[in-house]
Every structure is written in C-alpha cells, then in structure tokens.
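Dear colleague,

Here is the structure I promised to pass on. My notes follow below it.

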Amino acid sequence: IACNAVHYHSHIHSSMKEHRLKESNKALEKASHRDGLTGLKNRLALDEDAAAADGRHITAFMIDINYFKEINDRYGHAVGDQILRETSYILKKLFPGASCYRYGGDEFLVLTHRPAQDNYGAPTYDFTNEGSAVKVSLSIGSAQGDPTGHEELYALISLADKALYVIKKRTH
C-alpha cells in the first residue's frame, strides 16, 4: 500500500508539474508574439499571419506618428511611450476586428478583411495625448489586394508603406 501511495503521489506531482510547464510555455509563446509596450502583435506574429494569407481581400494600412522623434526629444521617452500605447488603443477603435501590429519604432500596421468602404479612409488622424496634452498626428497609407501567401502579403504591405510616404510628403 505504501508503494502504491508513493507511486500515486509521484504521478500526481508529475502531472501537476507537466501541466504548469505547458501553461508556462503557452504564456511564453503568446508573449513572444506581442509587443511589450503596446500589447499589439509584433513582427513575429505578422510573419506567421502572412503565411496564412489565403487570397481573401485584405486592406493594409501603414500608420506613422508624425514628428515622433521630436516629441521624444522635447517631452521625453516616457511621454513617447505613452503616445505609442495611446496610438495602439486608437487603432483598435478605428479598425475594430482588424489585426493590429507594431511594425517598428513609431510605425504600425493594420490588416483587415473588411471592405474598403468600411475602413477608416482619411490620410491623417489627429489626437491630443491625454497625459501630457501633446498634439499628435498620424499619417495613414493604405493598399488593397487579395494576397496568397507570405510574399504577396508583404508586397501589399510595401504598397501601403509607399502610400504612407506619399501622404507624409503631402502633409509635411
């Protein structure tokens, strides 16, 4: 009986340990696909999502915070971080149900299957940062297509990026 009890206790302990390890691995995997500052998906998540592009219609929006370096230089990185977090919140509100990514630095990417006429269509978006009353302006470029696979989705993103810089050139 004592051997069975020890064996049973050892088995339960191993099962609990294995369950905790699986849960930790899930949490690490999820964290590795998210930007730590904004909570948005990151480039690793984008690479995985791009591989799943299946020919359905996608609108890609590239978004850039105008004069972000100057904001950081003038008000400090804490305010810059707050603006990045607030921008991510705004993007989720502007593009409900879309996949939002922090593409790099102060650039964001939004991918949505919604029809073009249902998407946010303005080339800019302005807001005032709540914590510091800093006026912030976003430039937004977009492109649409029906990509199948990684390469075609990245080509669509590249077109949205080019459209973004046309907008930035026009508004600056």
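Angles under 35 degrees count as roughly parallel, over 145 as roughly antiparallel, 65 to 115 as roughly perpendicular, and the rest as oblique. Axes are lines fitted to C-alpha atoms, for helices over the stretch in contact, with angles from 0 to 180 degrees between N-to-C directions. Helices (H or I, at least four residues) and strands (E, at least two) are DSSP runs, numbered from the N terminus.

This is a predicted model, where local features need pLDDT of at least 70, side-chain atom pairs count only at pLDDT 80 or more, and totals for chains, interfaces and linings use all residues. Residues are numbered from 1 along each chain as its sequence is written, and side-chain values use heavy atoms, leaving out hydrogens and water.

Helices α3 (residues 68-75) and α4 (residues 77-94) pack at about 140°, their axes 7 Å apart; the two are therefore oblique to each other. In this contact (heavy atoms within 4.5 Å), α3 contributes Phe 68, Ile 71, Asn 72 and Tyr 75, and α4 contributes His 77, Val 79, Gly 80, Ile 83 and Leu 84.

Five strands form an open sheet in the order β2-β3-β1-β5-β4, paired antiparallel (pairing takes at least two DSSP bridges between two strands). β2 (99-104) and β4 (124-128) are the edges, each with a single partner strand, so one side of each has no neighbour in the sheet. β4 is joined to β5 (residues 135-145) by five bridges; Tyr 125 has Leu 138 of β5 as its bridge partner.

Ala 53 sits in the loop between α2 (43-51) and β1 (58-65). The C-alpha atoms of Ala 53 and Leu 153 are separated by 6.9 Å, at 100 residues apart along the chain.

Regards
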